[in-house]
Amino acid sequence: MSAVSLTGITVRYDSRPVTHVVDLSVPSGGWVCLIGPNGAGKSSLLKAVAGLVVHDGVITVDGADLHTLKPRARARHVAFVPQQPIMPEDLAVLDYVLLGRTAFVPTFGVESAVDRERAAWQLERLDLRGFELRPLGTLSGGERQRAVLARALAQEAPVLLLDEPTSALDIGHQQQVLELVLELRAERGLTVLSAMHDLTLAGQYADSLVLVRNGQVMAAGPAEAVLTEGLIGAHYGADVQVVRGDDGSIAVVPRRARQTTSSSRVIRISDTDEP
Amino acid sequence: MAVGALPSAATARGTRRARAAHGSTRWTIAAAGALVGAVVLGVLVGPAGLPVRGVLLDIVGRVPFVHVHSGLTTSEQSLLWQIRVPRVVLGALVGWMLAAGGAAYQGVFRNPLADPYLLGVAAGAGLGATIAIVYGPTTSGWTVDPLPLFAFVGAIGAVALTYAVGRTADRGRTAVTLVLAGVAVAAFLTAVQTYVQERHTDVLREVYSWILGQLTTSGWHGVVLVLPYVAVSSVVLLAHRRLLDVLRVGEDEAATLGVSTRRVRVTVVAAATLGTAAVVSVSGLIGFVGIIVPHTVRLVAGASYRRVLPLSMLLGAAFLVAVDVIARSLSSPAEIPIGVVTAFFGAPFFVLVLRTRRTVS
């Protein structure tokens, strides 16, 4: 169980700030999902926690400043699932997931039997049993995404960062993966910070949402408070309908712009003969 | 290239381990065998026409506690042990290091065209050698031939300059910056070298022949000179095999997985550069080996650095020894510069490997 706290985070790319003094906290064992339009700075915030970008401000996990940690120690605290991972085509799935054990393997040593077992176990949990020897290049988009998640879970870090974890998955696998993350939260007390485009899924699985736009936090709170037609309309520029499901969960349904019926647009096929 | 899925995780794990171990040993034995074969060929073949049986007996006779009379004359023995064997050993060391350096650079920069020449080793050594030939004192005035020293200093200096330039650009954080800095430094040093050559056209031939590469050596001096560098470099590179494998997913992801990417990059580059500079200072700029040998190994044995590094070392050594045999036999007793022969025979060989692998997969 680890609480994550971001204070005053300003991330700059080429001295251009993409986030502006953002404060954010994820309670221990909680799940906070960042939502917001493209370019809002969601990925940048995740990358700041992962230690991949330079930033002002302080990020702590359980009070420990991440900046002071060496990469190896950091990898044992934080696991990052990138949006577009680099996947060498010829690398076998099991070897790829084994990379997640890097922080446990002695620098000049090799993976142990325990490492292999943990990696294989993650493959089972992500429905990749039988894929051990398959080269990554032969996997479908969904299978690849599950492989990346398996690699991150193999790190056994208490904090999990998910950057668009379900974008390439079909609706069944989307549910499966997110349910698994929920399960792991319950089992291991995982703390999750994610960025997702799918607002409905974000609302269903995360404890609270943080709406980010132009590098600033515009709204934060439980799904009911953040997923409102007004806020979504204002920050996404989208016309949506917010619907409540039977179980109380919230669904964000896009509303199509009204079609003007124009008779001139109707093609009279019956009048034309075959050429 | 699809491999069929196996029934269960346990079976897969067991089979995989067995297959990996078996595969690794198989390839290592094959490569070691190729090296031994090349070395034997190298000591047996030569313009002096030493008797095969005599040579083999003499070599066996060097083994402690084995007393065999080889029948070679003293001058023949001297030729064998002061000229031919050192040359073969030097060829093996040079080939070993060039291939290892190439494989290591390809791992660090994740670029199939990377090799130590990329960061300026070639340009730096070339400039150093040119300066030694043009401005250096004649060898009779020194106890040590200044040429290798100048070439070595030039090579190391060029890489240091590349790093310095890379740091000012981007704090040296990314690999791409270093590569670009290397291109710039190499271009600059080559320009300086060309200028010096133009001013002293009388030594043009000497410089050119040095650049084309040579394994001529009198006695064991060359071997003794490079052996410590190659040994240290090899140990460091082999120790970093697994880390190079982790780097395959890119520096960012490798960092999140727990690798100190900058430290790995600097260490591997330093070790590969040191070893390469040492062999280049003695043997000139033999190209092609650092890129083609590791790629051949990848095509045949897979891209994991746990195999690519050691196999490249063995195969690189075997390749250069074999090529040297050709270089000194083809227009015997004259010698073709070894840099010419490596490319001439290596390129078609590589095309052959490319074609066969394509039909297999």
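L211(A) stands opposite A219(A) in strand β11(A). In this predicted model, local features need pLDDT of at least 70, side-chain atom pairs count only at pLDDT 80 or more, and totals for chains, interfaces and linings use all residues. Residues are numbered from 1 along each chain as its sequence is written, and chains are lettered from A and ligands numbered from 1 in the order in which they are written.

Strand β10 (residues 208-213) of chain A and strand β11 (residues 216-221) of chain A run antiparallel and are joined by 5 bridges; strands pair if DSSP finds at least two bridges between them. Helices (H or I, at least four residues) and strands (E, at least two) are DSSP runs, numbered from the N terminus. The hairpin of β10(A) and β11(A) has 2 residues between the strands, and N214(A) in the turn has a positive phi of about 50 degrees. Strand β10(A) also pairs with strand β4 (residues 31-35) of chain A, in the parallel sense over 4 bridges. Here L211(A) is the bridge partner of I35(A).

Helix α4 (residues 113-125) of chain A packs against helix α5 (residues 141-154) of chain A at an angle of about 140 degrees, their axes 9 Å apart; axes are lines fitted to C-alpha atoms, for helices over the stretch in contact, and angles run from 0 to 180 degrees between N-to-C directions. α4(A) is therefore oblique to α5(A) (under 35 degrees counts as roughly parallel, over 145 as roughly antiparallel, 65 to 115 as roughly perpendicular and the rest as oblique). In the contact, R118(A), A119(A), Q122(A) and L123(A) of α4(A) meet A150(A), L153(A) and A154(A) of α5(A) (C-beta atoms, placed from the backbone, within 7 Å).

Definitions and conventions
Contact = placed C-beta atoms within 7 Å.
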